[in-house]
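Please look at the sequence and the 3D structure below before reading on. The explanation takes a few side-chain contacts in turn and asks where their partners sit.

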Amino acid sequence: MSENKQRVSRRQFLNYTLTGVGGFMAAGMLMPMVRFAIDPLLQPEAEHDMVQVVSVDKITKEPQKFDFKINQVDGWYESEVPNSAWVYKNDKGDIIALSPVCKHLGCAVSWAEDPANPDRFFCPCHYGLYEKDGMNVPGTPPMGPLDVYDSQVKDGYLYLGKTKPNPVGGA
């Protein structure tokens with residue numbers, strides 16, 4: 001048997017030891033930063049509760065803007081965020097709640113503000129138009145319909161949740 005054992009020199013030993021200790025220290029410093037960056041992704045998404053907005057008897061066939069507040073938690077910071085919705089009853093009597101945020105650039109839309117289009121939602125930023133059901137008018141800047149809120153009626157009040165794509169637009 002041949003004995004071809006290679007001996008580790010003092011220089012290699014110190015190099016391996018210092019590299020190992022340096023790597024261990026770097027991992028110890030980087031781990032909290034990585035955990036801080038990844039932790040929000042690992043947290044389960046909190047269910048967004050429905051928020052009471054308005055009494056059902058106040059809702060008409062004409063869109064009305066109703067303001068409400070939602071509780072929002074960002075990490076350890078909890079706040080109340082103001083929000084609003086355009087709410088009306090359609091011809092079938094169903095309650096429709098549309099987001100007031102234009103799909104073009106995020107400006108606020110209003111109902112019947114443009115004298116040339118009295119029965120449409122109007123975005124003053126770039127003259128965008130939406131039909132009463134939230135569909136975008138062809139030839140105007142918005143490329144998609146207004147989002148709708150998840151809604152439910154309970155005990156005579158309208159409750160709104162998160163927004164979702166408008167089913168009228170085929171989304």
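The paragraphs below go through the salt bridges and then turn to a loop residue.

This is a predicted model, in which local features need pLDDT of at least 70 and side-chain atom pairs count only at pLDDT 80 or more, while totals for chains, interfaces and linings use all residues. Residues are numbered from 1 along each chain as its sequence is written, and side-chain values use heavy atoms, with hydrogens and water left out.

How many salt bridges does a search of the whole structure find? The search finds three. A salt bridge here is a side-chain nitrogen of Lys or Arg within 4 Å of a carboxyl oxygen of Asp or Glu. Strands (E, at least two residues) and helices (H or I, at least four) are DSSP runs, numbered from the N terminus. A residue is called buried under 20% relative accessible area, exposed over 50%, and partly exposed in between, using a 1.4 Å probe and protein chains only.

Take the pair Asp147 and Lys103, whose closest N and O atoms are 3.2 Å apart in a salt bridge. This pair links distant parts of the chain, 44 residues apart: Asp147 lies in the loop between β7 (128–130) and β8 (148–154), and Lys103 lies in the loop between β4 (95–98) and β5 (110–111). Asp147 has a relative accessible area of 18%, so it counts as buried. Lys103, at 40%, is partly exposed.

Another salt bridge joins Arg120 to Glu131, with 3.1 Å between the closest N and O atoms. Arg120 is partly exposed at 24% relative accessibility, and Glu131 is partly exposed at 29%.

In which strands do the partners Lys164 and Asp150 lie? Lys164 is in strand β9 (residues 157–164) and Asp150 is in strand β8, 14 residues apart. Their side chains meet in a salt bridge of 3.1 Å, N to O. Lys164 has a relative accessible area of 38% and is therefore partly exposed; Asp150, at 29%, is also partly exposed.

Now turn to the loop between β7 and β8, where Gly139 is found. Is Gly139 buried or exposed? Its relative accessible area is 84%, which means that Gly139 is exposed. Gly139 and Tyr159 are 20 residues apart along the chain, and their C-alpha atoms are separated by 34 Å.
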